[in-house]
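Biologist: I have a model open and want to learn how to read it. Can we go through it feature by feature?

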Amino acid sequence: MTHRGFVLAGILFLLVMTGCNARIHTLTLKNETRFVIHLNTFGFYANGTLDVNLLSLSIPERSADYNSYPVGFSLSKSRVNGVLSYTAEDTEKCPLKLDKSPTEPIIFFIFDVNNLSVNVKSFGDQDNVLTAKAKSEVQPPKEKGVRKTRDGDTAVHPTEAKTSDNQANAVPKIADDKLNPEKQGDKPEETHKSAVEVVKKTEENVYPLGKNSQVTLALDKINGSYNFSFHLVIGSLAEGLYNLNFHYCQNMVPGTDLPYSFSVVVTETNPGGYLSAAEIPLSRLYICMAGVFFIAAMVWVYTLMKHRYSVFKIHWLMAALAFTKSVSLVFHSINYHFINTKGRAIEGLAVMYYITHLLKGALLFITLALIGTGWAFVKYILSDKEKKIFMIVIPLQVLANVAYIIIESTEEGSSEYALWKEILFLVDLICCGAILFPVVWSIRHLQEASSTDGKAAMNLEKLKLFRHYYVMIVCYIYFTRIIAILLKVTMPFQWQWCYEFLVEASTLIFFVLTGYKFRPASNNPYLQLPQDEEDVEMDEVMTESGALEGISKVKKTSNGRERQRESTL
């Protein structure tokens with residue numbers, strides 16, 4: 001079962017690695033019917049930039065009323081990770097037809113397909129700077145094959161027509177450059193320079209949104225599809241967490257599912273890199289935590305070598321878990337470094353991170369479940385109930401890791417992103433709940449044994465240890481799955497990296513406490529239990545019979561075997 005699960009996960013790796021996680025987002029949707037698509041959430045510092053290039057927007061033109069139900073983008077500043085953004089306040093009305101001033105800054109880009117224009121409306125305190133191609137004062141000609149200038153009806157010279165064609169194709173050219181970030185160099189500053197050159201070629205204008213609350217931009221139509229692009233620089237007063245959404249409000253009408261298609265390239269940068277404000281410290285955080293986990297693993301191996309006669313197989317499994325966790329964090333840190341400098345991760349390194357992440361997740365739940373059952377410590381055979389737990393937990397853990405990989409390699413705007421995110425959350429909770437059952441069964445067994453077999457003192461000590469272990473697991477699950485998430489949504493956007501720090505720190509503490517409770521030592525009552533019970537039973541037999549007087553027996557201790565002389569009355 002385990003082997004098949006890993007093979008399945010390996011196959012899925014190859015399927016999803018075509019789109020490794022990146023901060024240069026490319027999303028293509030065909031025959032989409034959702035009325036709102038969340039494209040991305042990003043934390044901007046001052047002088048951060050947002051580039052949006054909409055390509056090949058195909059929408060039904062005859063069966064839709066775009067005056068009452070408009071189409072366009074919205075860029076909203078959120079207070080806590082999008083939870084309290086304006087889109088959550090009123091979902092029955094089209095957000096693009098906002099009739100009251102919101103509390104947070106919002107920018108709308110509303111498409112007017114009849115006039116081939118984009119109406120930009122900004123609300124709230126704005127000091128952002130928008131750069132885009134302005135709407136021409138003269139309406140475009142309706143006759144095919146005729147080109148006219150902006151100032152009159154004179155036909156354009158062939159050389160000027162060629163220039164006009166280059167301008168019309170500027171947006172696809174930008175998209176091609178962003179789909180191949182290697183052409184731009186390794187630094188976002190080079191990307192900014194190339195974007196400025198394109199801006200100059202297409203005669204784009206600059207609009208300070210603090211002074212211009214309404215701006216009209218150009219909407220290009222090529223071969224029946226619409227293209228639009230803009231460049232936004234975040235001001236010092238507007239830095240924060242922003243949500244970028246695409247709206248097709250016609251499908252908000254009950255019973256209406258008009259299909260539309262488009263491709264969009266979204267590039268977000270902060271000064272110095274492509275990472276969001278909350279992700280900038282993660283590369284250093286992960287490499288530091290990798291070092292801490294590696295040191296902890298080395299200390300654990302030293303402890304195992306020092307008490308080699310009290311070591312069980314599961315102790316080495318715990319060591320493998322610590323080393324795998326350290327290696328996974330190293331690759332995670334490297335991925336964030338390349339995402340920050342190049343805009344996307346290196347595929348080979350991303351694959352290595354996903355492999356180590358899957359191994360770490362599987363080892364974690366297997367180790368916790370084995371400790372909970374007492375395997376290798378007090379018994380070497382698992383009961384049927386315990387085997388069923390492993391048959392459930394291991395495939396679910398593989399599924400959870402596959403869901404995590406798909407989420408990391410899929411754009412937020414895709415339809416399967418939300419589905420896999422819900423699957424990950426649900427499966428992870430099921431796994432966390434399933435590993436508690438062996439601990440509960442062991443506690444119940446110890447409670448019964450302490451009152452029936454006459455060895456109450458030893459069983460009560462072991463019962464106390466299992467209860468502590470149960471509390472540790474419950475606290476770890478609640479903190480990493482619930483409390484840390486609540487802290488994340490209440491923190492300022494630039495401090496949300498503390499969520500990852502709290503998760504990694506709590507994992508380290510949980511590993512250390514588990515290792516301390518089940519350390520290989522002669523004075524650990526949990527590990528002494530099988531030897532001591534046999535010794536007590538043997539002592540009772542020899543004392544009662546008297547037939548073995550003067551015979552020596554060998555007792556296993558932490559320092560090897562020592563010969564003890566038995567004396568009988």
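Modeller: Gladly. Keep in mind that this is a predicted model. We begin with the overall picture.

Biologist: How many helices and strands does the protein have?

Modeller: There are 13 helices and 15 strands. Of the 569 residues, 48% are buried. Now take the contacts with a separation of 6 or more: 77% of them come from residues 24 or more positions apart.

Biologist: Let us turn to strands. What holds neighbouring strands together in a sheet?

Modeller: Backbone hydrogen bonds pair them, in a parallel or an antiparallel sense. Look at the open sheet of 6 strands here. Its order is β2-β12-β4-β5-β6-β9, and the pairing is antiparallel.

Biologist: Which strands stand at the edges?

Modeller: β2 (36-44) and β9 (214-218) do. Each has a single partner strand, so one side of each lacks a neighbour in the sheet. On average, neighbouring strands in this sheet are turned by 15° against each other, direction ignored.

Biologist: How many bridges join β6 to β9?

Modeller: β6 (residues 117-123) and β9 run antiparallel and share 5 bridges.

Biologist: Now β13. Is this strand enclosed or open to the outside?

Modeller: Count its buried residues. In β13 (residues 260-269), 10 of the 10 are buried, so the strand is largely enclosed by the rest of the structure. Then check both faces. One side carries Tyr260, Phe262, Val264, Val266 and Glu268, the other Ser261, Ser263, Val265, Thr267 and Thr269, and all are buried.

Biologist: How does β13 pair with β1 and β3?

Modeller: Both pairings are antiparallel. β1 (residues 24-32) makes 7 bridges with β13, and Ile24 stands opposite Thr267. β3 (residues 49-58) makes 8 bridges with β13, and Thr49 has Thr269 as its bridge partner.

Biologist: On to helices. What describes two packed helices?

Modeller: The angle between their axes and the distance between those axes.

Biologist: Which residues of α5 and α12 meet?

Modeller: From α5, they include Leu282, Leu285, Met289 and Trp300. From α12, they include Phe501, Leu508, Phe511 and Gly515. By class, this contact has 12 nonpolar, 2 polar and 2 charged residues.

Biologist: What span does α7 reach?

Modeller: α7 (residues 347-373) has 27 residues and reaches 39 Å from first C-alpha to last, close to the 39 Å expected. Of those 27 residues, 20 are buried, which makes α7 mostly covered.

Biologist: Where does Arg344 lie?

Modeller: In the loop between α6 (313-342) and α7. Arg344 is partly exposed, with a relative accessible area of 23%. Compare sequence with space: Arg344 and Tyr274 are 70 residues apart in sequence, yet 8.7 Å apart C-alpha to C-alpha.

Terms used. Residues are numbered from 1 along each chain as its sequence is written. This is a predicted model: local features need pLDDT of at least 70, side-chain atom pairs count only at pLDDT 80 or more; totals for chains, interfaces and linings use all residues. Side-chain values use heavy atoms; hydrogens and water are left out. Helices (H or I, at least four residues) and strands (E, at least two) are DSSP runs, numbered from the N terminus. The expected span of a helix is 1.5 Å times one less than its number of residues. Buried means under 20% relative accessible area, exposed over 50%, partly exposed in between (1.4 Å probe, protein chains only). Two strands pair if DSSP finds at least two bridges between them. Contact means heavy atoms within 4.5 Å. Ala, Val, Leu, Ile, Met, Phe, Trp, Tyr, Cys and Pro count as nonpolar, Asp, Glu, Lys and Arg as charged, and the others, Gly among them, as polar. Axes are lines fitted to C-alpha atoms, for helices over the stretch in contact, and angles run from 0 to 180 degrees between N-to-C directions.
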